[in-house]
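Hi there,

Here is the structure I promised to pass on to you. Have a look at it first, and then read on for what turned up.

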Amino acid sequence: MSIWFAALQGLVQGLTEFLPVSSSGHLVLVQALFGSGVETNYMLFNVLLHFGTLLSVIVAFWKDIKELFVEFFGWIRDGFKINGHPYRRFIVMLLITLIPMFIILPFESKLEAAFSSPLLVGLMLLITAALLFLSEKAPKKHKTEQNASWLDALIVGIGQMFAVLPGLSRSGTTICTGLFRGFSREFAVRFAFIMSLPVVLGANILELVDVIQDPSLMGDASIACYIVGILVAMVSGLAAIRLVKLITNRGNFRPFVVYCTLVGTIAVVASLIAMV
């Protein structure tokens, strides 16, 4: 893997991780077009790119994350009593969203194989477009960490579970699911991004353990490629977070509906032609 290819993938990851267009799906398409192999050859690199965008979330939502960290220890000190603290409710909601993720662990290898299918990516991009379009019709409500229910958190977590499929935007799916459940637009964005932190961090840890056990999983990427990819993903991710906040507040996802529909259709048609 060359430095320019690492930078390109970092840019794609940073922009598409937060814009509702699917980062994993675009990485599959970029690697299929420009790479020498499929996604499974770059598994560690892709996970570390997600680490770069994880850093973006930490920087962008540092105030919330710091408050969650402080309240977590207060929550333990008080015997896991919420006592009307909004951020303690936020912590419980985050923990609930993790429950559906454990369901997919037995299917991890099959999901990794799915990452190599541009046809699947195209189909999931079309579903992403449909979700974004329907979310514009969602009633405007004002649920936040103060009054959202545990069921709301579970349903958003289920949305995140399905979003592991390449082409189905994680940010788009979780933001839209939150809007369907009556979250305020500001809280839907904040909750969607912060809830990704434990999932991405866990994926990084599991992948690093696998690499330690089997160094061949590192593929052909150099340390320099990893560093460049992570830095580019972090910087472009910060820019994308600011843009998605603006877009969600306006409630107009039409440009991304058109984009996902167009790219998804091209990917499906190209894949079907290649099969003939």
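A helix here is a DSSP run of at least four residues, and helices are numbered from the N terminus. Please keep in mind that this is a predicted model.

Let me start with helix H10. Glu-186 and Arg-190 are four residues apart in that helix, so about one helical turn separates them. Their side chains form a salt bridge, with N and O 2.8 Å apart. Glu-186 is partly exposed, at a relative accessible area of 43%, while Arg-190 is buried at 8%.

Asp-64 is buried, with 12% relative accessible area.

Glu-145 also forms a salt bridge with Arg-190, and their closest N and O atoms are 3.1 Å apart. Glu-145 lies in the loop between helix H7 (118-135) and H8, so this pair ties together parts that are 45 residues apart in sequence. Glu-145 counts as buried too, at 7% relative accessibility. The count of salt bridges in the model comes to nine.

One more place to look is helix H5 (residues 86-103), whose buried residues include Phe-90, Ile-91, Val-92 and Leu-94. Among the elements covering the buried residues of H5 are helices H4 (62-77) and H10 (185-194).

Enjoy exploring!

Terms used. Residues numbered from 1 in each chain as written. Predicted model: local features only at pLDDT ≥ 70, side-chain atom pairs only at ≥ 80, totals over all residues. Heavy atoms only, no water. Buried < 20%, exposed > 50% of the residue type's maximum accessible area, 1.4 Å probe, protein only. Helix = DSSP H or I, 4+ residues; strand = E, 2+ residues; numbered from the N terminus. Contact = heavy atoms within 4.5 Å. Salt bridge = Lys/Arg side-chain N within 4 Å of Asp/Glu carboxyl O.
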